[in-house]
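Please read it alongside the model.

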Amino acid sequence: MTYGRRMQTKLGGSPTANPNRLRSDLLLKLEMESNPESLCLVRAAVERATEVLHFQEADSRAIVRSVDEALANVMRHAYKGEKGRTIEVTCRRLHGERREDNREGIEIVMLDSGAPLDPTKLKSRPLEDVRPGGLGLHFMRQGMDKVEFSRKKGKNQLRLVKYLATAAPAVSPEGE
Amino acid sequence: MQIAARQFQGWTILDLSGDIDLSHSPEMRKVLMVEIKEKKIPKLYLNLKNVRYIDSSGIASLVEGLKASRDHGSRLILFGLNTTVREVMQLSRLQKIFEIYEDEEQALSS
């Protein structure tokens, strides 16, 4: 599946081979340019991925919003508005046997080669201060279970994780 | 995103539709500023019924519009917010900062 000239996607389903890495299946891998006009395409693709994993609608909206805000931040801050730079987005399905929390969900990793993140700017601003800007990170932290920034091999990496809401345990009649 | 303007009793109603994201929020901001600062419309209504998505840059443009309207002694009034837009307003804790009505009828009679 290809979106436009410089937006390539790969759909996958095979589990990762590295036993040290927590087990996950590749759902979607895409490479896009730092062009705001591409955001709607990524939102659509990620929304479908959340539907495949049966996320509730509110959680699906939160995931899509978080990815959109993260990509917008890359375009504005890491690439400083420059178009045509590469951003990689990988979505994986997380399985229940993870050592850290034993829950299923989705992991979205975004990579860019832009300017290193300034750690002092990774703070959400107080919302009581009504002014334009500074909400994107707040949306991500509100919407996702994990928001992890790192710098690896000259690239910025943002890892977002959202777990599926666990269904309430079925109530069985007494004596069973 | 598309923006269509209507006039009503000297006020402007902007019917917005589509996605208000980083790609389109500058355009919306520009239209708001023209209505508020140049045309000096006393009441500017934004119909958000057909807005499918709004991101933080769209919210920032709305906040700029609100500040400009306050500076100019006018009113910026929102109506027709769907679940997605209302959710973002709540996340931003802006639902009580903006003047928001359920539908056009309520908004126009305010």
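Two strands count as paired if DSSP finds at least two bridges between them. The model discussed here is predicted.

**Strand pairing in chain A**

Strand S5 of chain A (residues 105–112) pairs with strand S7 of chain A (residues 155–163). The sense is antiparallel, and the pairing runs over eight bridges. S7(A) also pairs with strand S6 of chain A (residues 146–152). That pairing is antiparallel too, with seven bridges.

| Strand pair | Sense | Bridges |
|---|---|---|
| S5(A) and S7(A) | antiparallel | eight bridges |
| S6(A) and S7(A) | antiparallel | seven bridges |

Which residue of S7(A) stands opposite Met110(A)? It is Leu158(A). Phe149(A) also stands opposite Leu158(A). S6(A) and S7(A) form a hairpin with two residues between the strands. In this hairpin, Lys153(A) takes a positive phi near 50 degrees.

**Asp59 of chain A**

Asp59(A) sits in helix H2 of chain A, which covers residues 57–78. Is Asp59(A) buried or exposed? Asp59(A) is buried, because 20 other C-beta atoms lie within 10 Å, and the cut-off for buried is 20 or more. Leaving out residues up to four places away in sequence, Asp59(A) touches Lys162(A) and Ala165(A). Glu104(A) is 45 residues from Asp59(A) in sequence. Their C-alpha atoms are 14 Å apart in space.

**Chain B as a fold**

Chain B holds four helices and five strands. Along the sequence, their order is β-β-α-β-α-β-α-β-α. The C-alpha atoms of chain B fill a box of roughly 30 × 25 × 25 Å along the principal axes. The radius of gyration of chain B is 12 Å. A compact globule of 110 residues would have a value near 13 Å, so chain B agrees with that expectation.

Of the 110 residues in chain B, 41% count as buried. Consider the contacts in chain B with a separation of 6 or more: residues 24 or more positions apart account for 71% of them.

**Where the chains meet**

How many residues of chain B are in contact with chain A? The count is 18 residues of chain B, in contact with 19 residues of chain A. Helix H2 (56–71) and helix H3 (83–91) of chain B each supply at least two residues to the side of chain B that touches chain A. H2(B) gives the most, with six residues. By type, the residues on this side of chain B divide into seven nonpolar, five polar and six charged.

Technical notes
Residues numbered from 1 in each chain as written. Chains lettered and ligands numbered in written order. Predicted model: local features only at pLDDT ≥ 70, side-chain atom pairs only at ≥ 80, totals over all residues. Rg over C-alpha atoms; globule rule 2.2 N^0.38 Å. Buried ≥ 20, exposed ≤ 12 C-beta atoms within 10 Å, placed from the backbone. Contact = placed C-beta atoms within 7 Å. Nonpolar A, V, L, I, M, F, W, Y, C, P; charged D, E, K, R; others polar.
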